[in-house]
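Please work through each task before reading its solution.

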Amino acid sequence: MMLRKYVAFVLLSFGGVMLASFTIKEQPLTAQELPAQKSRLKKIVIDAGHGGADGGADGRYSNEKTIALAISLKLEEMMREQMPDIELVMTRRSDIYQHPTVKASIANHAKADLFVCIHCNSANGIRHSEFIGYKTVTVGKGKKKRKVQQKQYRYYTTPNPAKGTETYIWGAHKNDDKEIAMRENQALFFDSLTAKSSDYEMNPIEINLRTRQYFDRSVTLAQTIEDEFAKSGRISREARQRQVGIWVLQAVAMPAVLVETGYISNPEEEEYLNSKDGQAEVAQAIINAIKRYRYALDNKGITATPANGK
């Protein structure tokens with residue numbers, strides 16, 4: 001505990017003679033007087049999923065790449081207002097395609113402390129047995145792949161009612177791949193609070209421990225994001241491990257999460273995700289979670305964070 005020292009001056013009367021008494025006392029410093037603590041969370045990469053020729057999932061009138069970019073830019077704007085001490089790095093600000101290796105390279109070379117990827121979900125429509133006619137399609141057939149016309153049955157379908165948010169981390173079975181990323185980028189991801197030089201080489205045990213630490217931190221953040229979505233009134237489908245796909249999460253040498261902000265295949269959620277209010281609410285839930293995550297990180301806690309730690 002840091003203490004403030006002060007001198008107490010007291011006048012005493014002894015036999016008609018005034019004597020002075022000096023006493024040195026100590027008192028705990030107030031929160032305002034304590035020196036500012038350097039946060040472990042200093043730089044965040046925000047990745048808008050898909051882009052360019054890769055449109056991602058489609059809704060009735062919009063696509064995933066556009067929504068992901070809009071929410072990512074809103075998240076950046078609001079974070080700069082609410083958490084100005086954190087440096088933000090955007091993988092893209094426009095409708096361009098980036099291979100996952102490019103996204104990972106941007107994050108690793110930025111020496112970021114956290115990677116947050118923004119997406120939206122989709123579910124196939126429900127097909128009903130009611131026959132509504134035929135449609136003619138062109139297909140390749142035979143050794144020469146000669147194109148022919150073919151009739152196919154058409155059935156009545158309705159949008160899948162699936163809705164809600166999900167936040168993913170890489171699968172635990174992919175920790176070996178994460179260790180490779182850590183080993184290849186170890187000169188880039190040392191905590192700035194440590195005294196290790198950039199040419200220091202970590203041994204396999206250190207890399208394994210750091211990988212597990214980053215996995216635990218990713219789990220904590222994913223669960224906290226879903227908790228914030230639920231508190232805002234959204235349906236949370238909980239934090240999950242993705243068994244396949246989202247390679248970029250295990251390719252970055254830092255904690256990483258992928259946020260599925262809603263189902264573009266659900267007309268109601270498509271409207272919400274395209275609205276300014278909806279995008280702001282999604283961004284605010286993520287920011288609230290990051291604030292709680294930073295509090296836990298700086299106070300050496302893994303799961304215990306105050307619900308109002310905003």
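A nonpolar core is a set of buried Ala, Val, Leu, Ile, Met, Phe, Trp, Tyr and Cys residues joined through side-chain atoms within 4.5 Å. The model examined here is a predicted one.

**Exercise 1. The largest nonpolar core**

Task: Determine which residues of the largest nonpolar core touch the most other members, and which helix supplies the largest share of this core.

Solution. Step 1: the largest nonpolar core holds 56 residues, of which I44, M79 and F115 touch the most other members. Step 2: helix α7, residues 276-298, gives the largest share of this core, with nine residues. Step 3: take M79 and set aside its neighbours within four places in sequence; M79 is then in contact with I44, I46, P84, I86, L88, I287 and I290. As general background, nonpolar side chains tend to be buried together in soluble globular proteins.

**Exercise 2. The setting of M90**

Task: Locate M90 in the secondary structure, decide whether M90 is buried or exposed, and list its contacts beyond four places in sequence.

Solution. Step 1: M90 lies in strand β4, which covers residues 87-90. Step 2: the cut-off for a buried residue is under 20% relative accessible area. The value for M90 is 11%, so M90 is buried. Step 3: when residues up to four places away in sequence are not counted, M90 touches I46, S72, L73 and E76. Step 4: for E76, the separation from M90 is 14 residues in sequence, and 8.2 Å in space from C-alpha to C-alpha.

**Exercise 3. Two helix pairs involving α7**

Task: Classify the orientation of α4 to α7 and of α6 to α7, and describe each contact by residue class.

Solution. Step 1: the axes of α4 (residues 204-231) and α7 come within 8 Å and cross at roughly 135°. The two helices are therefore oblique to each other, and α4 passes α7 in a right-handed crossing. Step 2: the residues making this contact include L221, I225 and F229 of α4 and I286, A289 and Y293 of α7. By class, the contact of α4 with α7 has ten nonpolar, three polar and five charged residues.

Step 1: the axes of α6 (residues 267-274) and α7 come within 4 Å and cross at roughly 80°. Because angles of 65 to 115 degrees count as roughly perpendicular, α6 and α7 are roughly perpendicular to each other. Step 4: Y272, L273 and N274 of α6 meet K276, G278, Q279, E281 and V282 of α7. By class, the contact of α6 with α7 has three nonpolar, three polar and two charged residues.

Note on methods: Residues are numbered from 1 along each chain as its sequence is written. This is a predicted model: local features need pLDDT of at least 70, side-chain atom pairs count only at pLDDT 80 or more; totals for chains, interfaces and linings use all residues. Side-chain values use heavy atoms; hydrogens and water are left out. Buried means under 20% relative accessible area, exposed over 50%, partly exposed in between (1.4 Å probe, protein chains only). Contact means heavy atoms within 4.5 Å. Axes are lines fitted to C-alpha atoms, for helices over the stretch in contact, and angles run from 0 to 180 degrees between N-to-C directions. Angles under 35 degrees count as roughly parallel, over 145 as roughly antiparallel, 65 to 115 as roughly perpendicular and the rest as oblique. A crossing is left-handed if the near helix is turned anticlockwise from the far one by less than a right angle, and right-handed if clockwise. Ala, Val, Leu, Ile, Met, Phe, Trp, Tyr, Cys and Pro count as nonpolar, Asp, Glu, Lys and Arg as charged, and the others, Gly among them, as polar.
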